[in-house]
Amino acid sequence: MTPREPAPGAFTDAELERIRADFPILGRIGRGGRPIAYLDASATSQKPACVIDAEADFYRTSNAAVHRGTHLLGDEATSAFEDGRTALARFIGGRPDEIVWTKNATEAINLVALSIGHASAGRGGRAAQRLRLGEGDRIVVSRAEHHANLIPWQELCARTGAELAWLDLTPDGRIDPATLGVITESTRLVAVTHVSNVTGALSPVEAITAAARAVGALVLLDTCQSSAHLPIDVRALDADFAVLSSHKMLGPTGVGALWGRRELLEAMPPVLTGGSMIAHVDMGGATYMDPPERFEAGSQPVAQIAGWTRALDYLTGLGMDRIAAHERELTALMLDAVASIDGVRVLGPADDEDRIGVVAFAVDGVHPHDVGQVMDADDVAVRVGHHCAIPLHSFFGVRSSARASIAPTTSRDEIHRLVDSLARVRSYFGGR
Ligand SMILES: Cc1ncc(COP(=O)(O)O)c(C=O)c1O
């Protein structure tokens, strides 16, 4: 590989080498006998050693239940838990008391939908009235959503009688601002992805929030595919809720978060009930703690939060602007190279403007599973299937696709290996 001139802000080769050395799994040898080129970061990110250590160290030195008891270990565990909240709030521009821990982003979206459902059924008292939803009301999503940001709203509409409408797409799969008219006066909530997990396209968030604000609707942003790749500021984005997933951000699995504007969280009734979330209880009923504890029933994933906190430090240390610059350079390289292969169709924008390095593609006459198998034999790890976005695949007229997605650790060499392997797929299955 010839040395390259890095794009402004992108990592130099020497820096990238040092970063890659932090990730033990990148040395893993695949079935073909070479180090695995991991191009599946959208599904889940790999973890640097410091994150793995932070999780293990918590169990080695500070393991205890949080907010219970007075002993040293309990205090340390509680600090890890609450420091994590502060770190995540800082990372996204929110306040610590606006962060609710969940087990993943899917649960965070369901929390909002179920809580609005409870409010609509009359739970939650006066404060919750502003969240009530019923016939004549509308929820708006987009056709590009991951199922996690579609099904909970379909369910909520079915339970409350509200209707679901969606922003539609341009032919290359971007949310089409020309369809913002579906955000009507009756719209109460707009729930959209910040970046698509199939097309890599950034949503026109500014236009969407402006349209939502104009009719008094709330905005929920799914930042699963953006939060490890671009600087995020939930207030600058003018969202009301945002959902995040640790495992996509170099952190452990088993923990995610909901960020919500404080006054909204205060109005929301709880979804899961039980221990650690009550203010008072007798045999006749209970009153609940304030947020965020109101939404954190039961034992919490404290070791995972310790790991996620370290991952946020690590990302901050790399610099989110530099990560974005590095990935932008690789995205352009990947798009050019994939487009140069005959019979390969990119599902999403072909240019690198307003998109990140998630590139789904269909190969003429070759099933994505076959694509994935040939690539696996070349030790190139891509995801195949519908990526939990069936309506978006239907929009493109396919049932499934192969998807390559990059991380801060991705090298130029790994992109070359992807493209060499893709060329081999074409020749193996009879293309040119
Ligand atoms: C855009 C998007 N939203 C939501 C999710 C669900 O995230 P989690 O695994 O944290 O539930 C994913 C996961 O692939 C995703 O890509």
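Colleague: Why is E135 called exposed?

Modeller: The term exposed is kept for residues over 50% relative accessible area, while buried means under 20% and partly exposed lies in between, all with a 1.4 Å probe and protein chains only. E135 has 73% relative accessibility and therefore counts as exposed. This is a predicted model, in which local features need pLDDT of at least 70 and side-chain atom pairs count only at pLDDT 80 or more, whereas totals for chains, interfaces and linings use all residues. Residues are numbered from 1 along each chain as its sequence is written, and side-chain values use heavy atoms, with hydrogens and water left out.

Colleague: Where is E135 found, and what does E135 touch?

Modeller: E135 sits in the loop between α4 (105-120) and β3 (138-142), where helices (H or I, at least four residues) and strands (E, at least two) are DSSP runs numbered from the N terminus. Leaving aside residues up to four places away in sequence, E135 touches T160, G161 and A162, a contact being heavy atoms within 4.5 Å.

Colleague: Why is L250 called buried?

Modeller: The relative accessible area of L250 is 4%, which is under the 20% limit, so L250 is buried. L250 belongs to the loop between β7 (241-245) and β8 (256-260), and has a positive phi of about 75 degrees although it is not a glycine.

Colleague: What makes D354 partly exposed?

Modeller: D354 has 49% relative accessibility, a value between the limits of 20% and 50%, and therefore counts as partly exposed. D354, in the loop between β11 (344-346) and β12 (358-363), also has a positive phi, of about 45 degrees, although it is not a glycine.

Colleague: How many cavities of 30 Å³ or more does a search of the whole structure find, and what makes a space a cavity?

Modeller: The search finds three. A cavity is a set of points on a 1 Å grid over the protein atoms alone where a 1.4 Å probe fits but cannot get out, and its lining residues have an atom within 4 Å of a point. The largest cavity holds about 80 Å³ of space, a volume being the space filled by probe spheres set on the points, which are joined across faces, edges and corners. Its lining residues include L250, R20, F23 and E414.

Colleague: Which peptide bond is cis?

Modeller: The bond from P291 to P292 is cis, with omega near 0 degrees, and P292 lies in the loop between β10 (285-288) and α8 (302-318).

Definitions and conventions: On a 1 Å grid over the protein atoms alone, a cavity is a set of points where a 1.4 Å probe fits but cannot get out, and a pocket is an open set with protein on both sides within 12 Å along at least five of seven lines; lining residues have an atom within 4 Å of a point.
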